[in-house]
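Visitor: Hi, I've got a protein open on my screen and I'd like to talk it through. Can you walk me around it?

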Amino acid sequence: MKDRRVPVADNAVRLTVGPGPSQKYPEGGAAERRKGQELLKFLGMVIVYYSSNSFVILTNKQLVSHMGFNFPITLTCMHMTTIVLFSSLIIDVLRAFEKQAVASEKQRRSIRWLAIQFAVSLICGNWSLRFIDVSYMEMVGATTPFFVCILGFVFFGTLYSNRVYASCVVIVGGGFLSTYGKASGGKGFTVIGLVLSLAATFFRGLKTVWQGFLLQGEEKLSSPNLLRYMAADAAVILFALALVLEGRGLLAWLGSDESSGYKFWQLAVLLVVNPMTAYGANYSQFVLIQHSSALTFQVIGNTKGILNVICSMFIFGDFVNPTAAAGYATTLLGVAWYIQEKRRSQ
């Protein structure tokens with residue numbers, strides 16, 4: 001039986017930095033200048049992704065665990081609402097990108113499904129920060145390629161080489177070792193935090209598969225347009241959930257004198273800056289995938305994870321014992337092997 005292969009974000013989005021295979025740069029010095037400009041833009045977007053993503057994750061931890069804002073659904077809804085506002089400003093007002101309409105009802109359903117995956121992933125990730133360290137969340141999140149492989153086969157019948165699946169065994173083995181290290185360390189680990197973090201990673205992998213389909217399928221959308229439509233649907237879903245599940249608690253919190261040791265203006269500033277920075281994190285992620293490749297972005301994402309682990313150790317005093325560190329290193333080696341095998345198969 002012939003294999004059915006549908007593009008997924010791990011191997012489908014392969015737009016290169018600069019012109020595509022059928023295009024050429026102008027000859028001479030202009031070509032070198034154009035290449036240099038494209039490279040600088042790419043490196044600038046990498047810096048935006050590193051700084052904004054790390055800031056959002058670390059401030060999410062600060063808000064949820066240290067400043068008493070225990071409303072992860074509301075926080076995620078604020079992120080999505082800000083993305084919609086900024087996307088509308090950039091596309092409709094500034095017209096920095098061409099506006100695209102949804103092509104069909106089928107595409108609308110796919111975007112809505114992507115929004116649900118994205119919303120659940122973010123909720124679980126933000127919620128997990130109440131129970132586990134940022135460092136451990138990054139260790140679990142590094143196993144995303146395993147879920148991408150499994151879910152790509154389940155939903156689209158995508159098959160990979162045996163070496164790719166072998167690399168996934170190493171990735172999962174490193175995840176188990178990290179979990180054992182954090183659990184035996186007695187700090188920064190709870191079972192409920194592990195479950196939430198695994199759920200976030202699962203839905204992140206599912207989002208990666210679905211996102212690649214929408215960016216590369218027959219009715220493909222550009223990154224800014226897909227981000228806007230997805231965030232709009234996610235914001236509606238999250239608002240309804242926040243109203244039902246967190247509405248009373250949020251009103252009670254707003255009417256209380258509970259300060260958690262922080263001044264009101266500090267909390268207010270962080271609740272404004274954090275969602276604004278979330279737009280930069282999500283937008284830069286979409287752009288990097290579209291203008292490099294999903295494999296390149298996987299490398300960028302892993303180095304970002306290392307940065308977040310180090311920052312969390314210095315800022316929050318996260319404890320990472322040698323066993324957990326060895327497990328994380330094993331996972332990253334498995335991911336590096338995974339990337340190599342994926343590149344070889346292309």
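This is a predicted model: local features need pLDDT of at least 70, side-chain atom pairs count only at pLDDT 80 or more; totals for chains, interfaces and linings use all residues.

Visitor: Okay, how many salt bridges does the structure hold?

Guide: The structure holds 6 of them. As a general idea, side chains of opposite charge can pair when their charged atoms come close.

Visitor: Which residue does aspartate 92 form a salt bridge with?

Guide: Its partner is lysine 99, and the closest N and O atoms are 3.6 Å apart. Aspartate 92 is partly exposed, at 32% relative accessible area, while lysine 99 is exposed, at 52%.

Visitor: And which residues are linked in a network of salt bridges?

Guide: Asp92, Lys99 and Arg228 are linked that way.

Visitor: What about glutamate 138, which side chain does it meet in a salt bridge?

Guide: That would be lysine 304, with 3.7 Å from N to O. This pair links distant parts of the chain: glutamate 138 is in helix α4 (residues 134–141) and lysine 304 is in helix α11 (residues 294–315), 166 residues apart.

Visitor: Are glutamate 138 and lysine 304 buried or exposed?

Guide: Both glutamate 138 and lysine 304 are buried.

Visitor: Let's zoom out. How many helices and strands are there in the protein?

Guide: There are 12 helices and 0 strands. Read along the sequence, the pattern is α-α-α-α-α-α-α-α-α-α-α-α.

Visitor: What share of the residues is buried?

Guide: Buried residues make up 51% of the 346 residues. Here's another overall figure: of the contacts with a separation of 6 or more, 87% are between residues 24 or more positions apart.

Visitor: New topic: how many disulfides does the count come to?

Guide: It comes to 0. Take cysteine 168: the nearest cysteine sulfur, from cysteine 149, is 3.7 Å away. A disulfide needs the two sulfur atoms within 2.5 Å, so cysteine 168 is in no disulfide. Cysteine 168 is buried, at 4% relative accessible area, and cysteine 124 is buried as well, at 11%.

Visitor: Now the rings. How many aromatic pairs does the count come to?

Guide: The count is 14 aromatic pairs. One of them joins tryptophan 113 and tryptophan 210, whose ring centres are 6.1 Å apart. Their planes are at 85°, so that pair is edge-to-face.

Visitor: Where do tryptophan 113 and tryptophan 210 lie?

Guide: Tryptophan 113 is in helix α3 (residues 105–128) and tryptophan 210 is in helix α7 (residues 191–216), so the pair ties together parts 97 residues apart in sequence. Tryptophan 113 counts as partly exposed at 30% relative accessibility, but tryptophan 210 is buried at 12%.

Visitor: Which residues form an aromatic cluster?

Guide: Phe86, Phe97, Tyr279 and Tyr283 form one.

Visitor: I've clicked on threonine 179. What does its side chain reach?

Guide: It reaches the backbone oxygen of glycine 175, at 2.9 Å. Threonine 179 sits in helix α6 (residues 162–185) and counts as buried, at 17% relative accessibility. Leaving aside neighbours within four places in sequence, threonine 179 is in contact with Tyr136, Phe189 and Leu194.

Visitor: Last one: what is phi of arginine 95 near?

Guide: It's near 55°, a positive value in a residue other than glycine. For context, most residues other than glycine have a negative phi. Arginine 95 lies in the loop between α2 (72–93) and α3, and it counts as exposed at 68% relative accessibility.

Conventions. Residues are numbered from 1 along each chain as its sequence is written. Side-chain values use heavy atoms; hydrogens and water are left out. A salt bridge is a side-chain nitrogen of Lys or Arg within 4 Å of a carboxyl oxygen of Asp or Glu. Buried means under 20% relative accessible area, exposed over 50%, partly exposed in between (1.4 Å probe, protein chains only). Helices (H or I, at least four residues) and strands (E, at least two) are DSSP runs, numbered from the N terminus. Rings of Phe, Tyr and Trp (its six-membered ring) pair if their centres lie within 6.5 Å; planes under 30 degrees apart count as stacked, over 60 as edge-to-face and the rest as tilted. A polar contact is a pair of N or O atoms within 3.5 Å; within protein, one must be able to donate a hydrogen and the other to accept it, and residues adjacent in sequence count only if both atoms are side-chain atoms. Contact means heavy atoms within 4.5 Å.
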